[in-house]
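Subject: Model handover

Hello,

Here is the structure I promised to pass on. My notes follow below it.

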2 protein chains.
Amino acid sequence: MPCPPYDPSSPDGATGPFHNPVPGNGIPDLAKRYRIPARQGCAVRMKAGQTLTLYNPKGNQVCDFFALTDGSESEFLSMEHCRTALGRIYVQQSDVLVTNRRRSLVEIVEDSSAGVHDILIACCDQHRYQQLGAQGYHDNCADNFRRSLLAIGLQAKHVPSPFNIWMNIPVSESGAFTWEPPVSRPGDYIRLKALADAVFVMSACPQDMTPVNGIGVQPAELEFHVD
Amino acid sequence: MPCPPYDPSSPDGATGPFHNPVPGNGIPDLAKRYRIPARQGCAVRMKAGQTLTLYNPKGNQVCDFFALTDGSESEFLSMEHCRTALGRIYVQQSDVLVTNRRRSLVEIVEDSSAGVHDILIACCDQHRYQQLGAQGYHDNCADNFRRSLLAIGLQAKHVPSPFNIWMNIPVSESGAFTWEPPVSRPGDYIRLKALADAVFVMSACPQDMTPVNGIGVQPAELEFHVD
């Protein structure tokens, strides 16, 4: 019996209406400070050369970060291609991140934190929370990605593996890893430069069933501005 | 200026016509030994419960392995979801590999080799060979994947990060890794069970610019049968 078809653009559910923090078509007012509420997402249109500064006000919050090329939702930031380009399973300041066509799309121009981020783990989704024991619908980064895109008139062709900013997944020499609380501090920020026209999507990870967002498992808001 | 649109199903080129080793619709004759010529790919339709035994006749050859759910080319074996499920950056015998919807699709039921495989690195593509200095078109695993699917009437929605069988990418404690020759030996095999109806796609990796396929950088054939 064939498996039921899967539409990557279609959210698995919702706990309420979606409001993109950058209203309308996702073009930001430069220098304006935007807020992504806890458990929510945001899509923002970036021009080549612009920089997004992402803030972690509480310090414990992970951001699942995605970037699509403007004009082609099938080409996006790809962690497996980044690893190949970098020769590492970790990223660091000054790294250039690439797409699934190996083109440079995002540069990490500044990082105030200790530099502990993850590029190995899939974003959370409804299926993950069901496996963790959630009852009913649970907010998740895959749906935040899909709904953020839909809010600016785009459809996800695939939910890429994200750049998990401030997510702490230490890998042991044996290759085993664990999900640990972030080591980032309140007010930490990271500056990401668009190297081509792009759509940046951020999800304030709603994970409250593992300590990914801190030992208090209390998902928090994120903030950003573009200049 | 928007980036040019990207069609994931469209090969970047070809060095010659494509012949799927399993002719027609990709349904294999059970127990028949099929050969995937060096640098080429193959798509084969699997029923839930069937097992594919993949052989490495020369011992030095990497297989980029993909699996799609039957009936939905958007749902496929996903290495980032496998890592999450396994809690490791390596696979081993008896592991169950999952899709981007976290459903079980493939089980590693037997592995005659030392178990050195890779689940971190993107498959090679035309862009990768250009970056390595290739002149003109170079056979690659992304195009083998696309062309294998087209041969049985399917279109790739995305080129997933593959299960790189026998590929040797040791990761150091610092997170840096290198591309090393396989440690597999002539005649090694791996048995992969389909846990749901699926399309398996294999590419005999045509990498001849790094020692991924052995220090002789001589890409070789693969063989398989289904039962």
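D12(A), D143(A) and R146(A) are linked in a network of salt bridges. A salt bridge here is a side-chain nitrogen of Lys or Arg within 4 Å of a carboxyl oxygen of Asp or Glu. By this rule there are 26 salt bridges over all chains.

Some ground rules. This is a predicted model, so local features need pLDDT of at least 70 and side-chain atom pairs count only at pLDDT 80 or more, while totals for chains, interfaces and linings use all residues. Residues are numbered from 1 along each chain as its sequence is written, chains are lettered from A and ligands numbered from 1 in the order in which they are written, and side-chain values use heavy atoms, with hydrogens and water left out.

**Salt bridges within a chain**

In chain B, D143(B) and R146(B) form a salt bridge, at 2.7 Å from N to O. They sit 3 residues apart in helix α3 (residues 141-151) of chain B, so about one helical turn separates them. Helices (H or I, at least four residues) and strands (E, at least two) are DSSP runs, numbered from the N terminus. An α-helix has 3.6 residues a turn, so residues three or four places apart point the same way. D143(B) counts as buried because its relative accessibility is 1%. R146(B) is buried too, at 4%. The cut-offs: buried is under 20% relative accessible area, exposed is over 50%, and partly exposed is in between (1.4 Å probe, protein chains only).

In chain A, D139(A) pairs with R39(A) in a salt bridge, 3.0 Å from N to O. D139(A) lies in the loop between α2 and α3 (141-151) of chain A, and R39(A) in the loop between β1 (34-36) and β2 (41-46), so the pair ties together parts that are 100 residues apart in sequence. D139(A) is buried at 12% relative accessible area. R39(A) is partly exposed at 25%.

**The interface between the chains**

Contact means heavy atoms within 4.5 Å.

R102(A) is in the loop between β6 (96-98) and β7 (104-111) of chain A, and D125(B) is in the loop between β7 and α2 of chain B. Both residues are buried.

**Helix α1(B)**

How many of the residues of α1(B) are buried? The count is 7 of its 8 residues, so the helix is mostly covered. The buried ones are M79(B), E80(B), H81(B), C82(B), R83(B), T84(B) and L86(B). They pack against α1 (79-86) and α2 (126-132) of chain A, and also against β6 (96-98) and β8 (163-165) of chain B. After α1(B) comes G87(B), with a positive phi near 70°.

**Cysteines**

The structure holds 0 disulfides over all chains. A disulfide is a pair of cysteine sulfur atoms within 2.5 Å. For C123(A), the closest cysteine sulfur is in C141(A), 6.0 Å away and too far for a bond. C124(A) is in no disulfide either, its nearest cysteine sulfur being that of C141(A) at 3.7 Å. C123(A) is buried at 5% relative accessibility, and C124(A) is buried at 8%.

**Two spots in chain B**

Q50(B) lies in the loop between β2 (41-46) and β3 (51-56) of chain B. Q50(B) is buried, at 17% relative accessible area. V109(B) is in strand β7 (residues 104-111) of chain B and is partly exposed at 28%.

Best wishes
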